[in-house]
Amino acid sequence: MTGIGQGRQGRNRPGGSAGVLSEAYDTALLDLDGVVYAGGDAIPYAVEALGAARAGGMHLAYVTNNALRTPETVAAHLTELGVPAEAGDVITSAQAVSRLIADEVPPGSRVLVIGGEGLRVALRERGLVPVESADDDPVAVAQGYGGPELPWGRLAEASYAVRRGLPWYASNTDLTVPGARGIGPGNGAAVEVVRIATGAEPKVAGKPLPPMHRETVLRTGAERPLVIGDRLDTDIEGAFNGGVDSLLVLTGVTDVAQLLAAVPEHRPTFVSADLRGLLVAQPEVVEGADGSFLCGGWTASVSGGALVVEGAEDALDPLDGVRALCAAAWTDAGAGACGLDAGKALERLGLR
């Protein structure tokens with residue numbers, strides 16, 4: 001089996017697996033927004049696929065940069081959707097940033113909270129005291145996603161405290177978050193507001209940075225984890241930084257054009273349309289003698305500054321064409337980002 005244990009290497013092609021992924025890895029480290037649900041509703045096939053993976057013995061853990069809700073609330077929501085979960089199965093960036101703060105300030109310190117209940121609960125778990133005003137004598141500022149109703153005055157409160165010299169921590173810096181109506185601004189957009197107002201830089205805990213990986217390892221004890229996400233710059237880069245394998249699902253933020261242009265640290269080990277990819281073998285991409293790449297009846301190559309894909313009569317799954325295109329694009333780009341025109345290739349696959 002190839003692909004196992006190759007998360008750090010920034011491969012030049014997607015990996016293959018002769019066996020089912022849910023059997024090759026002991027723990028799935030699943031992102032939530034854009035992977036399991038969007039705007040609160042389950043993404044098609046997610047409930048069934050996760051149920052089958054769990055029935056086969058895979059441990060499911062949910063690792064989210066969204067710091068708004070508590071693990072108990074997230075677990076209850078998952079259970080309502082048909083994905084049974086307990087609070088201990090959920091790891092949030094609120095927990096990661098709270099541990100980071102607790103390691104750097106005295107026990108029992110007051111922390112100004114800009115965000116939701118999930119961040120307040122996580123801070124209390126670490127023995128810290130959440131406060132609401134820069135005038136409440138905080139020793140630090142913790143900023144996490146506060147939802148679409150976050151008042152503008154909360155960002156002003158953070159700015160007052162940061163400009164007074166308080167250390168500033170952010171749960172994550174995702175600029176966007178997927179929802180039922182589309183892609184909206186995430187915590188990173190709110191962080192940018194405070195950065196502009198203060199000129200300061202926060203310490204960040206969430207994916208893809210080490211504090212989140214540390215929190216996940218401490219809470220799950222996974223030995224052969226597979227990171228599953230929809231974002232290249234958080235989920236996939238986080239797996240790369242942690243030296244573990246990853247599965248990109250195309251149900252959230254990342255589209256195929258972005259995948260083809262990925263730099264090495266953003267290149268997933270495996271690619272799937274959705275979470276059903278956990279339940280099947282992953283086809284291998286083979287390099288041809290002429291430098292082209294073959295997968296599932298599709299052949300991808302570079303010609304005249306553009307990516308080209310051609311399908312044989314047995315080429316059935318467009319995603320196999322995507323895998324072949326990834327190999328062609330990533331090999332051509334080397335350690336950089338692919339700048340080749342992919343428009344006609346994506347049209348050939350019916351993806352544009």
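Author: What follows starts with a helix pair and then turns to rings and backbone.

This is a predicted model. Start with helix H4, residues 93–102, and helix H8, residues 210–220. Two packed helices are described by the angle between their axes and the distance between the axes. The axes of H4 and H8 come within 9 Å. They cross at roughly 105 degrees. H4 and H8 are therefore roughly perpendicular to each other.

Which residues make the contact between H4 and H8? From H4 come Ser-93, Gln-95, Ala-96 and Arg-99. From H8 come Pro-211, Met-212, Arg-214, Glu-215, Leu-218 and Arg-219. By class, the contact has four nonpolar, two polar and four charged residues.

H4 is mostly covered. Nine of its 10 residues are buried. The buried residues of H4 include Ser-93, Gln-95, Ala-96 and Arg-99. Also buried there are Ala-94, Val-97, Ser-98, Leu-100 and Ile-101.

The loop between strand E12 (203–204) and H8 contains Pro-208. The peptide bond from Lys-207 to Pro-208 is cis. Its omega is near 10 degrees. Most residues other than glycine have a negative phi, and most peptide bonds are trans.

Two residues have a positive phi without being glycine: Tyr-45 and Asp-137. For Tyr-45, phi is near 75 degrees. Tyr-45 lies in the loop between strand E3 (41–42) and helix H2 (46–55). Its relative accessible area is 42%, so Tyr-45 is partly exposed. Arg-276 lies over the face of Tyr-45, at 3.4 Å from the ring centre.

For Asp-137, phi is about 60 degrees. Asp-137 sits in the loop between strand E7 (129–131) and strand E8 (140–143). At 61% relative accessibility, Asp-137 counts as exposed.

Last, the rings. The structure holds one aromatic pair. The ring centres of Tyr-25 and Phe-270 are 6.4 Å apart, and their planes stand at 75 degrees, so the pair is edge-to-face. The pair links distant parts of the chain, 245 residues apart. Tyr-25 is in the loop between helix H1 (21–24) and strand E1 (27–30). Phe-270 is in strand E15, residues 270–272. Tyr-25 is buried, at 3% relative accessibility. Phe-270 is buried too, at 0%.

Technical notes: Residues are numbered from 1 along each chain as its sequence is written. This is a predicted model: local features need pLDDT of at least 70, side-chain atom pairs count only at pLDDT 80 or more; totals for chains, interfaces and linings use all residues. Side-chain values use heavy atoms; hydrogens and water are left out. Axes are lines fitted to C-alpha atoms, for helices over the stretch in contact, and angles run from 0 to 180 degrees between N-to-C directions. Helices (H or I, at least four residues) and strands (E, at least two) are DSSP runs, numbered from the N terminus. Angles under 35 degrees count as roughly parallel, over 145 as roughly antiparallel, 65 to 115 as roughly perpendicular and the rest as oblique. Contact means heavy atoms within 4.5 Å. Ala, Val, Leu, Ile, Met, Phe, Trp, Tyr, Cys and Pro count as nonpolar, Asp, Glu, Lys and Arg as charged, and the others, Gly among them, as polar. Rings of Phe, Tyr and Trp (its six-membered ring) pair if their centres lie within 6.5 Å; planes under 30 degrees apart count as stacked, over 60 as edge-to-face and the rest as tilted. Buried means under 20% relative accessible area, exposed over 50%, partly exposed in between (1.4 Å probe, protein chains only). A charge sits over a ring if NZ of Lys or CZ of Arg is within 6 Å of the ring centre and within 35 degrees of the ring normal.
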